[in-house]
Each structure stands twice: as structure tokens, then as C-alpha cells.
Amino acid sequence: MAISVREAALRLDSSSRRVLQLIQAGTIPAEKISGVYVIDESLLPRRRFRGRAMSKRMAWGFISLLSGTDNPVLGATERYRLRQHLHQLLNDNDPSGLLMTWVRNRAERLCFNVQNVALENLRNDPRLVLSGVSDQRSGLSAAHQVEGYVSQDHLSSIIADYLLVPASPSNVVLHVVDEPHLFPAPAPVRVGLVMADLADYCMAREDARVKEMMMEVHL
């Protein structure tokens, strides 16, 4: 059933403004009819954020820890807190929902459409570091989709070079990092980042893969 942004906000216990942000980010697929967004009720995210997000600094520190490495930039107290969070995550019934909540500030997530003939060139573009469904460790087939990280400095040129058009649903997902020291280069990215990207989809296939990948994480 098609519903309005306001109805979607009520069902998600959120605001209309937040729903519009999620549509523009590609998290909620929507169609624009006569200038108004219409949402397929069945495509609404199955979960809401489960609390406060970590700061960007702590989110990247947690991704390092989830990947099996400590972040030396963080203090001892911060590292202890992150280890407590990791213990909670590994024992949670919905690890994807918790991970999505905590590290959502790590980067801006933008969704675009591009012609299929350009996908392979984009996938091999050195300005893009593949992650999420485009990382082989995700174990997911994504031949018709590209996902990766790009620095803020390169975003405009990539959009122009490939004629990327904001869209939902989309076949290109770009995570934009505005602080160069956080940019996850070179490939392959840390496995914790792949898990975080998969968790953003709020879909059963990606959630199941996150659970499988977390079975290989050790406290």
C-alpha cells in the first residue's frame, strides 16, 4: 500500500523531516508523484534507531575494534567503553540494528543511479574504495550495484564524470568521508566497515550476513 511521508513518519515513530532525509539518502525507497513522495509501505525499514549514535571519532574506533584492531588515537577509557559495546553487540539479538545505530555518523550515505554500462568503470575507479555489498567478504552478489567510500574532495568529480543521478532505489551507494585521515584507503577496507555498511540496508539478506560475519569476531 502506498503511504505519504507523514504516514511513514507515524509508523516509524519519527518526524516527516527525518523520513525525507532517509528518502534522500536512499534508505527508504520512494517515488515522486506530482512533486510529492509516495512510499510503498512494504519497503519501510523494519527497525528504528536504538538509541544515540557514537561520535564520528568513536564510530571509527569501534569499526577498528570490530575488525580486530585497537585504535591508538583513543584513550584508555574510550577503548574500554568500546570493548564493552563490542561485548554487548556480539550478544544482541539484532546486531545489525545496534551496529547501524551506533556508527551511523561515520560517513554520509548517498544513493544514485547510473547507466549499467558505466558500473564497471565506476567499480574500478581509484577514487572509490569498495565496501559493503561490493566487497567480496560480504558474500553477496552485487554485479548490478556499486558501493564504496569516497572523499569529499572527489565527490563532485565522480558525480560529474559518471553522470550520477540521486535516486531511490539506486544502483550506486557512496559513503562520503569529509576528514581525509578517516578515509578507508587502500582496499580492502576493514571488515567491520563492511558489516556496518551491510547493516544500513535493513534487509533480511544483509542482516543474515552481518550475523554470520560477527561469528568470526573475538572479544
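How many aromatic pairs does the structure hold?

## Aromatic pairs

The structure holds 2 aromatic pairs, where rings of Phe, Tyr and Trp (its six-membered ring) pair if their centres lie within 6.5 Å, and planes under 30 degrees apart count as stacked, over 60 as edge-to-face and the rest as tilted. This is a predicted model, in which local features need pLDDT of at least 70 and side-chain atom pairs count only at pLDDT 80 or more, while totals for chains, interfaces and linings use all residues. Residues are numbered from 1 along each chain as its sequence is written, and side-chain values use heavy atoms, with hydrogens and water left out.

W60 and Y149 form an edge-to-face pair, with 6.2 Å from centre to centre and 70° between the planes. This pair links distant parts of the chain, since W60 belongs to helix α3 (residues 56-66) and Y149 to strand β6 (residues 146-151), 89 residues apart; helices (H or I, at least four residues) and strands (E, at least two) are DSSP runs, numbered from the N terminus. W60 counts as buried because its relative accessibility is 8%, and Y149 is buried too, at 0%, where buried means under 20% relative accessible area, exposed over 50% and partly exposed in between (1.4 Å probe, protein chains only).

F62 and W102 form another edge-to-face pair, with 5.6 Å between the centres and 90° between the planes. F62 lies in helix α3 and W102 in helix α5 (residues 95-102), so this pair ties together parts that are 40 residues apart in sequence. F62 is buried, with a relative accessible area of 0%, and W102 is buried at 7%.

## A charge over a ring and a polar contact

R109 lies over the face of Y201, at 4.9 Å from the ring centre; a charge sits over a ring if NZ of Lys or CZ of Arg is within 6 Å of the ring centre and within 35 degrees of the ring normal.

D207, a residue of helix α9 (residues 204-214), counts as buried because its relative accessibility is 12%. The side chains of D207 and S96 are joined by a polar contact of 3.3 Å, which is a pair of N or O atoms within 3.5 Å; within protein, one must be able to donate a hydrogen and the other to accept it, and residues adjacent in sequence count only if both atoms are side-chain atoms.

## Cysteines

A search of the whole structure finds 0 disulfides, a disulfide being a pair of cysteine sulfur atoms within 2.5 Å. C111 is in no disulfide, and its nearest cysteine sulfur, that of C202, is 12 Å away. C111 is buried, with a relative accessible area of 3%, and C202 is buried at 4%.
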